[in-house]
Amino acid sequence: MYNGRFTVADSTALQSEARRRLREQARRNGYFACLLIFNVSLATCLLRDKQRERSVGESVITYHAGLLQQTLQDAPNEGWDKVYVLNEEDMDIMSIEILPE
């Protein structure tokens, strides 16, 4: 079953192959495989990118926004133990607490 340790794999993982590798790694090591998706609008991402010291540019942000939409469709069917989607309005009011089993 699960080994009881909490571990975070911080990754953009907008491509299904990247998510598959993370999910398989969690399984191999006995971790609960939970996917947390930050569903942030294209407009917000573009605004934040302009405020960064090292921006990635509109074309990169737009490309990733498309991948995010595909991820939102695919992720629920990929075999994760749990999938959470946090929308922009959730992020200001939500907190995440990990409780021992």
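## Helix H3

Helix H3 covers residues 58-74, 17 residues in total. From its first C-alpha to its last it reaches 24 Å. That is close to the 24 Å expected at 1.5 Å a residue. This is a predicted model.

Which residues of H3 are buried? They are Ile-61, Leu-67, Leu-68 and Thr-71. Seen down the axis of H3, the buried residues fall within an arc of 125°, so they line one face of the helix. The face turned away from that buried side carries exposed residues: Glu-58, Ser-59 and Gln-73.

## The overall layout

The protein has 4 helices and 2 strands. Read along the sequence, they follow the pattern α-β-α-α-β-α. The C-alpha trace spans about 45 × 30 × 25 Å along its principal axes. Of the 101 residues, 24% count as buried.

## Helix H1 and the residue before it

Helix H1 takes in residues 16-28. It has 13 residues and reaches 18 Å from first C-alpha to last. Again the span is close to expectation, which is 18 Å at 1.5 Å a residue.

Ala-18, Arg-19, Arg-23 and Ala-26 are buried in H1. Seen down the axis of H1, these residues fall within an arc of 135°, so they line one face of the helix.

Ala-13 is found in the segment before H1. Its phi is positive, about 40°, although Ala-13 is not a glycine. Is this residue buried or exposed? Ala-13 counts as buried, because its relative accessibility is 14% and the cut-off for buried is under 20%.

## Salt bridges

The structure holds 5 salt bridges. Side chains of opposite charge can pair when their charged atoms come close.

Glu-17 pairs with Arg-20, with their closest N and O atoms 2.1 Å apart. Both residues lie in helix H1, 3 residues apart, which is about one turn of the helix. Glu-17 counts as partly exposed, at 37% relative accessibility. Arg-20 counts as partly exposed too, at 28%. Glu-17 and Arg-20 also belong to a network of salt bridges with Arg-21 and Glu-24.

Arg-19 and Glu-78 meet through their side chains in a salt bridge, 2.6 Å from N to O. Arg-19 lies in helix H1 and Glu-78 in the loop between H3 and S2, so the pair ties together parts that are 59 residues apart in sequence. Both Arg-19 and Glu-78 are buried.

Asp-81 forms a salt bridge with Arg-27, and the closest N and O atoms are 3.0 Å apart. Asp-81 lies in the loop between H3 and S2 and Arg-27 in helix H1, so this pair ties together parts that are 54 residues apart in sequence. Asp-81 is partly exposed, with a relative accessible area of 28%. Arg-27 counts as partly exposed at 38% relative accessibility.

Strand S1 covers residues 34-39. Its covered face holds Leu-35, Ile-37 and Asn-39. Its uncovered face holds Cys-34, Leu-36 and Phe-38.

How many bridges join S1 to strand S2? There are 6, and the strands run parallel. S2 covers residues 82-87. Within S2, Val-83 stands opposite Leu-35.

Where does Ile-93 lie? Ile-93 is in the segment after helix H4, which covers residues 88-91. Ile-93 counts as exposed because its relative accessibility is 74%, and the cut-off for exposed is over 50%.

## Between H2 and H3

Helix H2 covers residues 42-51, and Arg-52 is found in the loop between H2 and H3. Arg-52 is partly exposed, with a relative accessible area of 48%. How far apart are Arg-52 and Phe-38 in space, C-alpha to C-alpha? They are 19 Å apart in space and 14 residues apart in sequence.

Notes
Residues are numbered from 1 along each chain as its sequence is written. This is a predicted model: local features need pLDDT of at least 70, side-chain atom pairs count only at pLDDT 80 or more; totals for chains, interfaces and linings use all residues. Side-chain values use heavy atoms; hydrogens and water are left out. Buried means under 20% relative accessible area, exposed over 50%, partly exposed in between (1.4 Å probe, protein chains only). Two strands pair if DSSP finds at least two bridges between them. The expected span of a helix is 1.5 Å times one less than its number of residues. The arc is that of the directions from the helix axis to the C-beta atoms. A salt bridge is a side-chain nitrogen of Lys or Arg within 4 Å of a carboxyl oxygen of Asp or Glu.
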